[in-house]
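Subject: Structure handover

Hello,

Here is the structure I promised to pass on. Please open it alongside this email and follow along.

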Amino acid sequence: MTYSPHTDSDRARMLEEIGVSSVEELFADIPAAVRAGAWDIPPPLAEQEVRAELVRLAGRNRIPDVSFLGAGAYRHLVPAVVSEVIGRPEFSTSYTPYQPEVSQGTLQSIYEFQSLICELTGMEVATASHYDGATATAEAALMACRLTRRHRVAVSAGVSPDYRRVLETYCSGPGVEVITVPIDLADGGSGTTDPATVAALLADDVACLVAAQPNFYGQVEPMRELADAAHGAGALFVAVVEPTSLAILEAPGEYGADLVAAEGQPLGIPVSFGGPYVGLMAARMASVRQMPGRLVGATRDVQGRRGYVLTLQAREQHIRREKAASNICTNQALMALAAAAYLTAVGPQGLREVAELGTTQARHLAAALEASGVAERRFSGPYFAEVAVRVPDAARRHATLAERGIVAGHLPGREEPALADTLLLATTELTTDADIERLVSALEETR
Amino acid sequence: MSYPDDLRYSKEHEWVRVEGTRATIGITSFAADELGDIVFIELPEVGASLSQFASFGVVESVKAVSDLYAPIGGEVTEVNEALRDGPELLNSDPFGDGWIARVELADPSEVESLMDAGAYAAETG
């Protein structure tokens, strides 16, 4: 049956009403080059034929035997309790609470999540979450502009290239200029942001410096010195962090970060093509009224019982309209709940073990690659659980290894020409010694 | 309702007390009553330049959020710091301890476009 929302006579009446003689005339302003043209759609299929076709397409998926891919998304063990909790229909079927106070369970789950993020980051207040790490980062930069009433933001080239593109997009609307602070990309260099460069680059009209810890190349940045350099220019410091790293690296609240943004995927959310992921954001209480998105607060009802509310909603678009702190108040409540369930399940000790196993395996990997002579570290200095290594003819060998079921990490040369012939390899607690041996052997064989 | 005779008033319910080239500005008792209990005010920065009738801050009450509109233009020389921790002063004493900012006037004649107490009483009556 043809789906037909309007009859020919409906269309004729609408065209007559607006004074256009035909649909073709209505669309005359759209260049032919971007028109859909004639659609060559095959005839309809029966259900079982559709099923067969989908199975055939799914068969084209390549599931690697071994993967060292990271670059912002990390494969971790997700305890079964996480999917059990988020699979409960009270959570999985509920939409955003428009009459929030009757949804005490949902509000409490968000409040617990916010509390965990504050504890993890050492900050005073966290939002109910954002779409992902990139949008949380962009929102943090715009928040810094509101707080300082300045209209330029500086971002370290050590921040993920994807995040920087999203930041550019978010800043293009309000007319905020983005300046990039280079990192040391020299062979054997630090691979990090130089605080002296920051101090020289930051004029008194820059709202914030955005830097990542660890940075996109796994290198550990001098966050305290970068924070001091930003503050020296009257700018705020936005720390973009990998959340599991906070179990062993200093908390942003300790080194003077004013705002923290993060991708929460490593906390109990499987790597997935296109998400859903979850953005984390935390700040100081003094700047809470400029935070974007939703916030859940704890209070007491008239009988003195603990209760939860959506608080400080005057920041939000349904009250402040065009003057809202953000026009995206959507959060990722179910993914935030997954993060909260994960953190609760693994606990502080478990998270520390996750971070330590990842960093230990990264060192095993680097040592094995250097011992076999197939690759050596691209940068010097401390790194977390991801390591950039120099490999001759990296792109070709990356493709050859993929044919053999091995994803040899990310090719950073795709975004940064200075890093051609570099592989960016991530390890986690799921990376086995056998995985490492297999990668090293495959690189030896493709030498 | 009657309003202090020594002040001038804007349609947006702000008042101004002009003393030479300086002025003190605030919101009227009518505005405070309409807003209800005020819980937060975003003050302008000292040194900020205000344009007459342009937005210069925000007041938030338990039931609404409103922009503050400058009744007169000029440069902010002082803000009422007591409002940061005590925004309820805007309700309890809007024409006195609840003042918002002092400004150095850009153009003292701008005051001529504002209402006197009688006209404002008629406006809000």
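Below is what was found, starting with the whole and moving to single residues.

**Overall**

Please bear in mind that this is a predicted model. Its scores are ipTM 0.74 and pTM 0.86. Chain B has an average pLDDT of 93, and 100% of its residues reach at least 70.

**Chain A as a whole**

Chain A contains 14 helices and 14 strands. Its C-alpha trace spans about 75 × 60 × 50 Å along the principal axes. The radius of gyration is 25 Å; a compact globule of 447 residues would come near 22 Å, so the two agree. Of the 447 residues, 44% are buried. Take the contacts in chain A between residues at least 6 apart in sequence: 72% of them join residues at least 24 apart.

**An enclosed strand**

One of the pairs is A:E386 with A:A426 in β14(A).

How many residues of β14 (residues 422-426) of chain A are buried? Five of the five are, so the strand is largely enclosed by the rest of the structure. In a regular strand, side chains alternate between the two faces of the sheet. Both faces of β14(A) are covered. A:T422, A:L424 and A:A426 are buried on one side, and A:L423 and A:L425 are buried on the other.

**A sheet in chain B**

Three strands of chain B form an open, antiparallel sheet, in the order β4-β6-β7. β4 (38-42) and β7 (65-69) of chain B stand at the edges. Each has a single partner strand, so one side of each is left without a neighbour in the sheet. The twist averages 25 degrees from one strand to the next. β4(B) pairs with β6 (residues 55-61) of chain B over four bridges, in the antiparallel sense. Here B:I41 has B:V59 in β6(B) as its bridge partner.

**Backbone points to check**

Most residues other than glycine have a negative phi, and most peptide bonds are trans.

- A:Q213 and A:P214 are joined by a cis peptide bond, with omega about -15 degrees. A:P214 sits in the loop between β5 (206-213) and α10 (223-232) of chain A.
- A:D393 is not a glycine, yet its phi is positive, near 60 degrees. A:D393 belongs to the loop between β12 and α13 (394-403) of chain A. Is A:D393 buried or exposed? A:D393 has 12 other C-beta atoms within 10 Å, so it is exposed.
- B:F53 is likewise not a glycine and has a positive phi of about 70 degrees. B:F53 lies in the loop between β5 (49-50) and β6 of chain B. With 16 C-beta neighbours inside 10 Å, B:F53 counts as partly exposed.

Over to you.

Best wishes

Note on methods:
Residues are numbered from 1 along each chain as its sequence is written. Chains are lettered from A and ligands numbered from 1 in the order in which they are written. This is a predicted model: local features need pLDDT of at least 70, side-chain atom pairs count only at pLDDT 80 or more; totals for chains, interfaces and linings use all residues. Two strands pair if DSSP finds at least two bridges between them. Helices (H or I, at least four residues) and strands (E, at least two) are DSSP runs, numbered from the N terminus. Axes are lines fitted to C-alpha atoms, for helices over the stretch in contact, and angles run from 0 to 180 degrees between N-to-C directions. The radius of gyration is taken over C-alpha atoms; the globule rule is 2.2 Å times the number of residues to the power 0.38. A residue is buried if 20 or more other C-beta atoms lie within 10 Å of its own, exposed if 12 or fewer, and partly exposed in between; C-beta atoms are placed from the backbone. Two residues are in contact if their C-beta atoms, placed from the backbone, lie within 7 Å. pLDDT is the predictor's confidence in each residue, from 0 to 100.
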